[in-house]
Each structure stands twice: as structure tokens, then as C-alpha cells.
Amino acid sequence: MIKLENVSKTFEYKGKKVAAVKDVSLHINKGDIFGIIGFSGAGKSTLVRLVNLLEKPTSGEITVNDHPLNSISSRQLRQLRRKIGMIFQSFNLFNSRTVFGNVAYPLKLENWPKEEINRRVTELLRFVGLEDKADKYPEQLSGGQKQRVGIARALATSPDILLCDEATSALDPETTGEILNLLKKVNEEYKITILLITHEMNVIRSICNRVAVMENGRVIEEGEVYNVFSDPRENTTKNFISTVLNDRLSPHLIEKLKKKQPTKFYRIIFSGEATSEPILSEITSKHNIKFNIIYGSIHELQNQLFGNLIVEFLGDDPVVEVVLNELRMVLDVKEVELA
Amino acid sequence: MKVDWSTFWPRIIEATGETITMVILTLIFASIIGVVMGLLLFVSRKGNILENKIISISLNVLINVIRPIPFIIFLVAISPLTRMIMGTTIGTFAAVFPMTIAASFAIARVVENNLISIDPGIIEASKAMGASPFQIIFGVLIPEALGPLILGLTFITVGLIDFSAMAGTVGGGGLGDLSMTYGYQRFDTSVMIVTVVILILLVQISQFLGNLLSRVFLRR
């Protein structure tokens, strides 16, 4: 669907060259909700704009729907862009047009007949839940409503791809949830591939099936959301994950645990099949020791559960060692460093 | 010698008509030229939809050369051109030519400034929708800037009333001519007061109409 091969983008700013995107290769499949996460300045905003050539790559190859973008004429590009919807952090609605007029604009660009436009816009406004707001102007709407108009407008010409540039970053958590649900509905009902960029791991966790982590213009980690969450490799990825999974001990709690030393604490990660069985309680009761959960969380990711617990075992050291070995056969167990 | 008001009123009415004619004709022609120039200034800017260094620099230089010239000097300076195009340099219609030229450059800047204040994100969104530069100019830029643009044109109109008074002094007719020849040069304060009051009324009316129109487009 969208292929980026060794794509780089360098800006020239006051005579200095700034590389925003460095040698990025990504394959986004049809039907994906692909999330790119990174801190501001990581290059994700530039990256998403390369897909519809709002920014031209300095090098590398981009293919969208089997069209290589390197040799595209400006007329072909405009045709292609009508099959790529885009929504924005600041909504970018036309203030001089009503809600209806905003959604109708891309159809007017394609010279649709008036009745067809009416029918299509009404259908889209119903889809995003704004059928009663057709005659309102953007300034009369809330942020969430504005983004719904943005989504309806982006979907007007039935695109195959929807690009989301920090689409929920200007919204409160509740509205963010509503918009994310709507995007999920867009993906499922209209079979539209979504490429979104965000700095909120919550967005990735909620709707994405694949994720790429960007740092300093490079993609440093990429994969299925569940796999990346359950087994992150890079520090930046771990930092992002800890923003939504509460998997880190607070300094206060660490101090408290230190006082109990030499007692050892273990981090146990449950993923996949392990989450549906009472492994921890079975193994400990078999060896007749007790365990105490200090801290942890269980989350649902991509319809699978993912648990992360910090546990203390109450028993003789040799027995605990046996228990740990048995646990390690089915779970990921690590001793917590309290330094 | 004081004027005889019974015969002078018709002259005042005629002069008011001349002033209004000059202002409205200038406004029409200068708006057309000014809007085109302003759009060119904007779209040819660095990073904009029709970036063009040559157009951008030459228009900017031209505008910056013409604009600082005091209108009364400009009026005289381009009189050979006025004669070439209008056939004469005297009279209400002849005055419209230099007024149009001077006002066009001012309007060009007003248009450019209003276009710059449009959120670039809106232009980016239009590009992402597959709009051509032509479609962006007429479907997005102009409608988005229309409210403030009307206020800008109102500001120019008030300036034009002032221009028309100056044009009057070099044979353009109108209220300016009247207030200069009767009021100023013949020390008839009453004529001066009457013409100034009419000019003030004209300014008030144009400002009122401009506000009204812009409110329709700005919806506030």
C-alpha cells in the first residue's frame, strides 16, 4: 500500500542542512492502522508529509498504491492526493465555509453534480455524527466536532489511505477516545489504511496494529504493537511504553523496597497464552511458598492481555530459586534492580 | 468676497458627485489591479504555492518605489502618462488614472497582508485534497481572506477620499478643489467648513458600509 525505501529528507535552514528524516524504510500494508510515535522534532511530521508529497524526499523511493512518486507529474499528483485523505492537529478547516461546505469542497474539486454532493455530504456527516451541524461554521464547534468535520472532509472522495498528523493532540482525553474510536470505525467500515503520527503512546495502544518508533529522523524500532509493547528493545520505546503501562517503580517506592533488602523483587511479564492461566499461583502453591504482588498492571493490547507485575516471594531461598526456574520456562522473569 | 450660498449649493452638490465618482471608479479599477498584484505577491513568496523569485522581487521593488512618493508629487510626475492614456490631465475622469495607480499598490499590500494572516495549515490541507494552485487561489485564499479584505478596502476608500481632494487641486474637480479654491485661497471659512463636513460624512458612510459588509463575511 505505502512503501518507503531508504527515504531521506534534508531541509536547508539559514544555510545549514538539517536532516529531518534519515534513511527510513517502511512498508504499510493494506488495512493497517500504522502508528509512528516520536517526540517532537523526531521527524514524524515530515515523514507523513512525504507520503502525499507535501514534502519532497531528498533521496529514496516512495510508492503509494503501486505508483512510484519519484516520477509523478503535478496533474497525476493531484489525482493521487484525492485518494489520500489527511487530517491535522489544528483541524485546518475552512473558516469561510460551513460544515457542509467544508465536506463538500473536495467533491467540488472533482466537479461532482450538486445532488450527488448533497447525498454524499449528508452520508458522511451522519457517519461522523454531525448531521445536525451542517449549517454551522467551524468557529461554532468544539475541538472534537472540528476533527469530526476534518475526518468527514478527508473521507469525501473515498480515499484508500488516511494520513493523521497528530489528529488528537489538541483534544482532551475523552474527546481523544471518541476520535480514536471513529478512526477505528473508518478503518473497519471503509477498509481505509491509516497512517498516523503521534507523541502519545495511548493512541498507539488504543487503535494501532503496527508501530514504528522514531528518534532523530530514524526509525529505531518497528513491529506489531503487541510485540513491541511486550518486548521493547530501545530505551526510547521503553520510555514511551512506561507512559501508558505504569510499569516503572516510582523513586518513593524504590526507597521503600530498598529498606526491605536483602529481600529480592522480581518483574514478571505475562504475554500471549500465559495471561489466561493461573501460572504464578499454580507454581508457588506446588512448592508451598507465598508471593506478594508489590506493583503492576494488566492491559489489553490488540485484543490480547499483557501483564507486568513486580512480585516478592516469601520462602526459603533454594525453594524460591526452584520456583523462579519453573516460572522462567513459561514467563519472562527478571530481578528488579533497586539501584 | 463671500460666496452667495443660494447659487453655491448646487456647486457643492456637483462637487460631491465628482468626489464620489472619482472614489468609486478608482476603487473599482484599483481593486481589480490591486487584488491581482496582491495575490501574485502572496503566491510567489518563498515556499508558497507558486513560488517565483523573479515575480516576487520585481513586484516588491516596484511597490516599494511607488508607495513612498507623496501622492501630490506622484500626481504631477505621471501626468504625461495620464495625458497619453486618458487624453487629458484635467477633470474628474483624468484624476481617476493616477488615483488608480497609487491605490492599486496600496491595495496590493493590503491584500498580501490579509492573505499572509490565513493559517498556512488551511492551504496545506487544500493541497493535500488535490486542489490546483488556481483552485486554491479562488476557492480558498479569497473566500478565507474576504472579511478582513473588505475592512482593508474600506481603509483604502477613506484614503481615496483624501486622494481625491488632492487630485482636485490639480484640476480634478470635486470637494477638494472647492475647499481649496473658495475656502482656503479666498479665506471663506464657511465654505471650508461645509466641504470638510461633507468629506467627514462621506468617510463615515464608507466606514459604516465597509463594517456592515465585512460583518456579513466575518459573521461577527
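**A walk through the model**

The accessible surface of chain B comes to about 11,000 Å², and 73% of that surface belongs to carbon and sulfur atoms, where accessible areas come from the Shrake-Rupley method with a 1.4 Å probe and, for residues, only the protein chains shown count as cover. This is a predicted model, in which local features need pLDDT of at least 70 and side-chain atom pairs count only at pLDDT 80 or more, while totals for chains, interfaces and linings use all residues. Residues are numbered from 1 along each chain as its sequence is written, chains are lettered from A and ligands numbered from 1 in the order in which they are written, and side-chain values use heavy atoms, with hydrogens and water left out.

Chain B has nine helices and zero strands, these being DSSP runs numbered from the N terminus, with at least four residues (H or I) for a helix and at least two (E) for a strand. Of the 220 residues in chain B, 46% are buried, meaning under 20% relative accessible area, whereas exposed means over 50% and partly exposed lies in between (1.4 Å probe, protein chains only). B:Ile33, which has its place in helix H1 of chain B, is partly exposed, with a relative accessible area of 39%.

In chain A, four strands form an open sheet in the order S12-S13-S11-S14, with antiparallel pairing, where two strands pair if DSSP finds at least two bridges between them. The edge strands, S12 (290-301) and S14 (332-335) of chain A, each pair on one side only. Within chain A, seven bridges join strand S11 (residues 265-271) to strand S13 (residues 304-314), and A:Ile268 stands opposite A:Leu309 in S13(A).
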